[in-house]
Structure formats: structure tokens, C-alpha cells
Amino acid sequence: MEPVIGIDLGTTYSAVATVENGKSIIVPNRSGQRLTPSIVGFTATGERVAGERARMLGDDAPDRIAPATKRYIGRRWTAELALAAKHVVPYPLMAGPSGEVRIKVAGRTLPITQISAMLLGELKLDAEAFFGRPVSKCVITVPANFDDGQRFATRESARIAGLDVLRIINEPTSAAVSYGLTTQFQGRALVFDLGGGTFDVSILEVEKGVFEVKATGGDPSLGGEDFDNRIVQWLTAQVPDPYREAVLKDRISMNRLKHAAERAKRTLTDKNEAFISVAELGDHSSEGGKRFAQLDTALTRDFFETLSEPLTKRCLEVCQKVMSDAKLSPKSIDALLLVGGMTRVPLIRKLVTDFFGKAPVGGVNPDEVVAQGAAIHAHELLEKQGSALLIDVATHSLSVGVLGGTVRKLISKNTSVPAQAKETFLPGRSNQQSARIPIFQGEADYTDECTKLGEVVLQDLKAGQRADLPIEVSFELSAEGTLAVRAVDTTTGIAESIRIEARTTLAPTEVEKLRAEQGVYAAKEGLKDKAAANDAFPRVLAKAERLVQLLEKSAQENPSAQAEAAVGQVRSLLAQGQAAEKAKDAAMMAEVTRLLERVISKN
Ligand code: AMP
């Protein structure tokens with residue numbers, strides 16, 4: 001079977017998983033790490049770097065890297081968004097031709113979808129190195145509160161990266177699938193997902209392999225980075241007076257403080273105090289006579305918790321809202337799943353435990369469980385076993401704007417998807433020649449408090465009384481949360497479909513150009529990876545030979561059927577490896593490498 005992967009494309013870290021022998025496993029990246037920083041960068045010589053290398057590049061050249069771009073995927077550029085971004089990311093946001101967000105990094109202006117495609121492309125290369133063959137089929141996870149535009153843009157990125165997305169699923173649902181299927185859990189689960197940049201809460205009912213999302217909620221701009229920024233604010237206040245102003249304007253200094261803050265936050269997960277030392281804080285742009293300050297301080301867990309109070313309060317408010325939307329009491333939750341790196345923070349664990357009156361379930365790796373659920377789902381979609389059925393919900397209400405600036409909801413938030421709704425509207429006036437039907441997303445009753453998705457315009461209406469000219473509007477929300485709208489003039493039978501203007505898609509020609517560029521890059525990198533795997537393979541075989549000798553010796557000293565079997569297993573792997581090397585069979589070489597590593601880690 002063709003390999004399929006699950007991708008958790010996170011704000012700060014991404015993970016890839018697959019299913020092997022019926023179990024989900026993490027696919028390590030080409031550096032052997034299980035998580036990859038979601039960062040792309042360009043060196044001074046124009047080389048593209050991603051993951052850990054990009055993170056390191058950012059230490060000295062923050063203007064050359066693009067971290068946390070997930071915050072802006074599929075979003076429309078606005079002055080407010082650009083202003084808010086100034087405090088959060090090291091790159092400026094600009095408006096692209098269709099109103100999409102582009103960013104300036106290393107002197108280039110790139111669409112967010114391209115950066116995201118570069119990341120996905122890197123994860124694809126990692127998976128291909130792991131399997132020794134092409135990989136394209138995947139399931140990608142997104143935060144539950146991603147709207148139509150953000151989902152659409154994620155798909156567009158995947159397309160540029162050369163990936164074939166079987167389905168986009170919600171991160172919390174994915175976590176529940178992974179947990180539910182591995183533990184045979186049945187009941188009501190709550191997934192509390194606090195990642196680097198977003199916060200999601202979902203309630204699911206799990207029964208006989210069916211996962212039904214009952215309610216979701218969250219805060220799309222609350223995550224670990226906000227906690228880091230609270231520490232950064234506290235740190236900058238301690239920079240001595242003559243330097244502080246320069247530090248606040250200096251990207252290198254701010255990036256150093258941000259890294260130090262994140263490290264301190266992680267330290268405080270295990271320890272009560274974190275020592276922070278940041279050198280060379282000042283203006284890095286001025287030539288000659290540079291003077292820098294050094295900052296040495298300590299942050300206690302107690303004080304970090306005080307600093308975090310406004311953020312933890314927001315987390316609690318979201319939980320309260322989701323529970324009241326779902327008309328459930330915190331006690332009615334059977335299993336509490338903590339997902340996202342931030343849920344390692346003791347204060348967050350305590351907060352959740354106190355609110356729900358029970359401890360979170362154990363055995364869930366908060367950084368990996370989402371990718372694993374996606375891999376399981378991808379595997380099932382391909383095998384069409386259907387043993388786990390996913391029923392998700394609409395994460396926003398969808399409405400038609402009517403007279404008086406109000407909205408008429410056709411699909412309410414938390415309705416199971418796929419969903420259809422149909423309603424008849426009348427033109428605003430009699431003898432109107434055309435009718436505009438605006439479509440909105442959001443929970444408010446007034447159009448100006450909702451997000452406009454676009455409008456359908458019906459032309460050439462018949463002359464007559466408005467009551468005699470009904471227009472039928474139908475909404476279709478797909479299983480992965482994308483919307484199609486159709487309006488029919490029932491008198492003439494003329495129908496129009498909506499182009500969702502809120503989707504900030506790139507022009508098809510640009511998508512094709514970026515896709516071709518990515519294809520060239522991936523082909524080149526793929527060849528390098530293949531050469532590296534070929535070079536490394538003799539060492540893998542040498543390791544296997546040593547292991548055979550070692551196992552033979554121990555089988556002679558302590559003979560047993562088990563010891564014999566172990567020798568036989570490694571011998572057979574060695575023979576397979578030798579044959580694969582001779583045949584230059586990259587997929588087989590990759591498989592032998594993986595199996596051997598598993599044997600070695602057990603011995
Ligand atoms: P995610 O987006 O799920 O990868 O979450 C990443 C966030 O979790 C980042 O803000 C990290 O700083 C944070 N994080 C990861 N590990 C830890 C840890 N051990 N202690 C505290 N925060 C962590």
C-alpha cells in the first residue's frame with residue numbers, strides 16, 4: 001500500500017505520523033527529531049532552510065526567518081492585523097492582490113500560503129526519506145475554529161507542496177481519534193488544546209467507534225507565544241534605562257529575549273526557578289562603537305504564574321463558554337485530554353483539573369497525539385475500513401444578510417457536518433432587476449458584527465410584486481468545513497453560485513508557478529536525500545553485522561529459542577539489506593534501516 005501520512009501543521013512545531021502494523025508512529029524528520037519547528041528561512045546566500053536550521057538562523061538574523069505563519073494563513077490583510085503582528089512576529093505583513101497576507105522576509109515578499117507550502121514540502125521530504133519512496137497522500141489537521149478561508153488556504157498550501165489532501169480534520173478531533181482508538185474509550189471526552197498560537201476546546205461523544213463532536217470553541221489568538229511575550233515584557237522592563245529603548249526597536253535583541261523567555265517557560269515546567277541570561281542587548285544596526293547590555297535575572301514559577309494570569313483567565317472563560325454552549329456541566333466529562341505543548345505547564349494542568357474536577361488522562365503525548373490521529377484517519381480513509389467514523393460540527397454559524405442589517409442563520413454553530421440548509425427569501429423591493437444576497441459567518445445577530453464571506457447576485461429578475469418572486473438560497477457545508485452557496489430565482493429558474501470572496505486565494509497562475517518551483521526544489525532535495533541515504537547504508541549494514549555477532553555470542557552463552565529467533569531475525573534483515581543495496585532499492589533500504597533501528601532500540 002502507498003504510504004499515507006498525518007500532518008499536524010502547528011504554529012510553532014509540526015509533526016508527521018503514519019500507521020505501521022496497525023499502530024500509529026511518529027515519522028522523524030531527516031535530522032532524527034520527532035518535532036520540526038514550523039519555521040522557514042533564507043540564508044544570506046539565498047539558500048532555503050527549514051525547521052531547526054531556520055530556528056538557528058533566526059538567532060542572528062531574525063529578519064531572515066518566518067516563524068508562526070499559521071497565525072495568518074487564509075486571513076485577509078487589515079491594518080489592525082498588521083499592527084498586532086508587530087508585537088508577535090519578526091516580519092511585517094503586507095496585502096497581496098486578492099487581499100491575502102504576504103510577508104517580507106529576507107528581502108522577499110511571499111504569500112503566507114507559500115511559506116506554509118514550503119513547510120509542508122519539507123515534511124513531505126522527511127516522510128519520503130523515511131519511506132525511501134514518494135509520499136503524497138495525507139490528512140492535515142487544523143484548529144477547530146479555523147474558518148472556511150483558513151481551511152481553503154491550508155489546502156492551497158498543500159497543493160503547492162505537491163500533497164494530495166485526503167481530508168482536513170480538526171486538531172482536537174484528531175487527538176480524540178488517536179486516544180479513543182488506542183484505549184477503546186467510550187463516553188464524553190473534552191479536548192483542551194493549547195498550542196503555540198491557538199487555543200481550542202472540543203467536546204466529543206465517542207461510541208462504538210463513532211466520534212461525534214458536540215461542541216467546539218476557542219480563541220484563535222491565544223497560545224504559548226502569548227505566555228512567552230508576557231515574560232519578554234517583564235524582561236525588557238529590566239533592561240537598564242539607556243538601552244531599553246534601543247532593545248525594544250532591535251529585532252535581534254527582541255528575538256534573543258523571546259528565545260530566553262520560551263526556554264525559561266519550559267524550565268519552569270520542571271523546576272521552581274529559571275535563571276535567564278541574555279547577552280548583547282542593544283542596537284545591532286548601528287555601525288561601529290556598538291554598546292550592549294547584558295541581562296541576568298531569575299524567574300520563579302510563582303511569578304510566571306502571576307504574569308500569566310490574564311491569559312489563564314481567558315482559557316477558563318473559553319472553557320466556561322463551551323460548556324454552557326453545550327449545556328453540560330464540567331462534571332459530565334468522562335475523559336480530559338490535554339493536547340499542545342503548553343499543557344505541560346503545571347499551572348495549566350492545575351487549572352483544568354480544578355475546573356473539571358478530575359485529572360487529565362495519562363499516556364497522551366501532547367505534542368504527538370494530533371499527528372497520530374491524523375495518520376490513523378488517513379490510513380482508514382485509504383483503506384475505507386470505516387472502523388472510526390468522524391462526525392464533526394460547523395465551527396461558525398452561517399447566515400444570509402436580510403433587511404435591517406440583521407442575519408438569518410441557515411446553519412448554526414455546532415451543527416453536525418456535512419450539513420445542508422435551504423431557505424426562501426424575497427427581494428427587498430417589488431420590480432427589482434437584480435438581487436444581492438450577502439452571506440455571513442459569525443454568531444452575532446447583526447451583519448456588521450459578522451464576517452462577510454461574499455454575495456450571490458441574481459440578475460434579470462422578472463418584474464412583479466416581491467412576494468411573487470421567491471429566491472431559494474441553499475447552503476452546503478462539506479465534511480471538512482468548506483461552504484458552497486447557491487441561489488435560484490424560482491420564477492425564471494436562473495441559478496447562481498457564490499464565489500466566496502473572503503477566501504484569499506492566489507491567482508491560479510501563481511499557484512501553478514509556485515507549485516512548479518516547489519517541485520524543482522523538492523526534486524533537487526530528494527536527490528540529495530537519496531544520495532545521503534545511499535552513503536549511510538553501508539554503516540547500517542555494518543551495524544547489523546555487529547548486532548548479528550553480538551546476538552550469536554549471547555545465544556551461545558545463554559541458549560534459548562528466543563535468542564535463536566533474535567539471531568534469525570537480524571540475519572534475515574541483514575540479507576534483505578544486502579539485497580536492497582545491490583538492487584539500489586531505496587524503499588527497501590529505508591525499511592531495513594527502520595526495522596533494524598527498532599531491534600537495536602529494544603536490545
Ligand atoms: P504546539 O503548538 O502544540 O507545538 O505547542 C508549542 C507550545 O508549547 C510552545 O509555546 C512551547 O513553548 C510550549 N511548550 C512545549 N513544551 C513545553 C514544556 N515542556 N513546558 C512549557 N511549555 C512548553
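## Leucine 81 in helix α2

Leucine 81 belongs to helix α2, which spans residues 79–85, and in this predicted model the residue is buried, with a relative accessible area of 11%. Leaving out residues up to four places away in sequence, the contacts of leucine 81 are Tyr72, Arg75, Arg76, Leu93 and Val101.

## The ligand and its shell

The ligand is surrounded by 14 residues, of which Gly196, Glu262, Lys265, Thr269 and Gly341 are the closest. Helix α8 (residues 251–270) supplies the largest share of this shell, with 4 residues. Sorted by class, the shell consists of 7 polar, 4 charged and 3 nonpolar residues.

In the side chain of threonine 269, an N or O atom is 2.6 Å from a nitrogen atom of the ligand, and in the side chain of arginine 266 an N or O atom is 3.2 Å from a nitrogen atom of the ligand.

## Lysine 265 in helix α8

Lysine 265, one of the closest residues to the ligand, is located in helix α8. Is this lysine buried or exposed? Its relative accessibility is 7%, and because buried means under 20% relative accessible area, lysine 265 counts as buried. Its side chain makes a polar contact of 2.8 Å with the side chain of aspartate 228.

When neighbours within four places in sequence are set aside, lysine 265 is in contact with Gly224, Phe227, Asp228, Ile231, Phe304 and Met342. As for alanine 522, that residue is 257 residues from lysine 265 in sequence, with 36 Å between the two C-alpha atoms.

## The buried side of helix α11

Helix α11 covers residues 346–356, and its buried residues are Leu347, Ile348, Leu351, Val352, Phe355 and Phe356. These residues lie on the same side of α11, because they cover an arc of only 145° around the helix axis.

After α11 comes glycine 357, which has a positive phi, near 70°.

## Two buried serines

Serine 14 is part of strand β2 (residues 13–20) and is buried, with a relative accessible area of 3%. A polar atom of its side chain lies 3.3 Å from the backbone nitrogen of glycine 10. Apart from neighbours within four places in sequence, serine 14 is in contact with Asp8, Leu9, Arg34, Leu35, Thr36, Ser38 and Leu123.

Serine 399 is found in strand β20 (residues 398–402), where it is buried, with a relative accessible area of 0%. Not counting residues up to four places away in sequence, this serine touches Val407, Arg408, Lys409, Leu410, Pro438, Ile439, Phe440 and Phe475.

## Backbone exceptions

Most residues other than glycine have a negative phi, and most peptide bonds are trans. Which peptide bond is cis, with omega near 0°? It is the bond from valine 417 to proline 418, and proline 418 itself lies in the loop between β22 (416–417) and β23 (419–425).

Glutamate 280, a residue other than glycine, has a positive phi, near 50°; it lies in strand β16 (residues 273–281) and is partly exposed, with a relative accessible area of 41%. Aspartate 460 likewise has a positive phi, of about 55°, although it is not a glycine. This aspartate is located in the loop between β25 (451–458) and β26 (471–477), and at 60% relative accessibility it counts as exposed.

Notes: Residues are numbered from 1 along each chain as its sequence is written. This is a predicted model: local features need pLDDT of at least 70, side-chain atom pairs count only at pLDDT 80 or more; totals for chains, interfaces and linings use all residues. Side-chain values use heavy atoms; hydrogens and water are left out. Buried means under 20% relative accessible area, exposed over 50%, partly exposed in between (1.4 Å probe, protein chains only). The arc is that of the directions from the helix axis to the C-beta atoms. A residue is near a molecule or strand if one of its heavy atoms lies within 4 Å of it. A polar contact is a pair of N or O atoms within 3.5 Å; within protein, one must be able to donate a hydrogen and the other to accept it, and residues adjacent in sequence count only if both atoms are side-chain atoms. Ala, Val, Leu, Ile, Met, Phe, Trp, Tyr, Cys and Pro count as nonpolar, Asp, Glu, Lys and Arg as charged, and the others, Gly among them, as polar. Contact means heavy atoms within 4.5 Å.
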